[in-house]
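Trainee: I am new to this one. Can you take me through how the terms are applied?

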Amino acid sequence: MHRAGYYILLFAVTSLLQIFFFNNLSLWSCFAPMVYPAFVLMLPLNASSIVVLLSGLVMGVVMDWGMGTAGLNTIAMLATAYQRRPVLNLTLGAEVVRDGGIPSMSRMGQHQFVQYLIIMMVLHCVAFFGFEAFTTSYFWYQFLRLVVSTLASILFVWLIMSLFTPKHASR
Amino acid sequence: MYRLLEFIRRSYVTLLFVVFEIIAIGIYSRSTYYTQATILARANALTGGLAGTITDIGGYFSLASENRALTARVAELEQRLSYYGGLVDTTATIDIAELQYEFMQARVVSSSINRARNFITINKGLRDGVMSGMAVLSPSGEAVGYILDCSERYSVAISILNTSFRTGCKIKGDGYSGSIEWNGGSPYEVTMRELSKYAQIEVGAEVVTTGVSHYFPSDKLIGRVESFELDESKTYYNAKVRLAADFSNLHNVILVKYIDREEVMGLEHGAQSRGY
């Protein structure tokens, strides 16, 4: 029950931050950070694949509704959620994943955590900006936008994950 | 049958993923800028209040610069008022075109410049008399976009910074018209296409609305020519235009209603449906 409340709070914080703050950041057209994938990234390591996929679906639909993007966030979020288990197995090893715990630097180790965060966010941003760019040309501009936004997203998601990692919750 | 069930049991997550992705890609590929504006308008019925509060807090810090812009605008309008006052004294006539529009102020609830399709949400909707097709201008009177969809209390406008946006334009004081579009790149720059090679174009020339699209009044400033060149066929100019409105600092807008829009469009549709 305690853990359900924690994830409901995480869902609310990441989605509200994205809709009301990051979507309205008008600093630079290349700067479009995505923080809501933090919710799926922080699901327990041993969460079943179907739970992760459905969590990604719900988050994607909510973001599409809040951002008016008609499926774009759902496409990217589903891809991220589906790839989570293989990425975790690759970076951490299947046995450690089976032991569970909330993904964090203390639980996974600094190197593995950074690897996991970067791979997942690159997957998400490539899916999102790749599909969005279908409607436009200007490859180099889109590429710059992908790189800048991916780096910013990694930074902000890392901040959120650090803030939301309980100090005693290594398992 | 057993093998099929076993296959489904082992790979149902992958099957679900593929099904969900196909549905999402199908919805997205069929969506237009209008679909997106409609979704935003419905979402704003629920989230608009909170977004408005957040914008109010942010807007508080830009009050000084907004006041300066408004003061400059008041001065400009005072000047125009004295001009029309002079016309009345000399029994001259007033341009009837000025009387075809109604103006209304609105506050920007949310807007973006970092997407391929950017929209602007404002805090006025159907109950305030806002309707789709109304022009959206900056407080200084520069073209910003036009209304696509409204809920009771909020409206969503397509921004010039939307790759689906198109409107007619011309060089100020010249008769030849072209088309304005945004390529998804810099939020300070748009492209003017298909302007006749006979147009009087030069760097720094003002690009304004033509007024024939039924969205914008004529002669509303869009931006200034930064560079231009003839296209491959040597018949049209394509030009880079520096936008006059600052989309990254847009807190208030002016809505413009073309009073005769429905009547004029009705006549045009009628003529088209009769095959003329």
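Mentor: Start with contact: two residues are in contact if their C-beta atoms, placed from the backbone, lie within 7 Å. Next, the ground rules. This is a predicted model, in which local features need pLDDT of at least 70, side-chain atom pairs count only at pLDDT 80 or more, and totals for chains, interfaces and linings use all residues. Residues are numbered from 1 along each chain as its sequence is written, while chains are lettered from A and ligands numbered from 1 in the order in which they are written.

Trainee: Which residues is A:Asn24 in contact with, leaving aside its neighbours within four places in sequence?

Mentor: They are B:Ser110, B:Ser111 and B:Ser112. A:Asn24 itself sits in the loop between α1 and α2 of chain A. Helices (H or I, at least four residues) and strands (E, at least two) are DSSP runs, numbered from the N terminus.

Trainee: Why does A:Asn24 count as partly exposed?

Mentor: Buried takes 20 or more other C-beta atoms within 10 Å of the residue's own, exposed takes 12 or fewer, and partly exposed is in between. A:Asn24 has 19 such neighbours, so it counts as partly exposed.

Trainee: What makes up the contact between the chains, by residues from chain B and chain A?

Mentor: Chain B gives 36 residues and chain A gives 29. On the chain B side, α1 (2–30), α2 (33–60) and β1 (101–111) each supply at least two residues. α2(B) gives the most, with 10 residues. By class, that side has 20 nonpolar, 14 polar and two charged residues. Ala, Val, Leu, Ile, Met, Phe, Trp, Tyr, Cys and Pro count as nonpolar; Asp, Glu, Lys and Arg as charged; the others, Gly among them, as polar.

Trainee: Where is confidence lowest in chain B?

Mentor: In helix α3 (residues 63–89), where mean pLDDT, the predictor's confidence in each residue from 0 to 100, is 66. Strand β9 (residues 206–209) of chain B is highest, at 92. Where pLDDT is low, the predicted coordinates should not be read in detail. Chain B has a mean pLDDT of 81. The model scores ipTM 0.86 and pTM 0.74.
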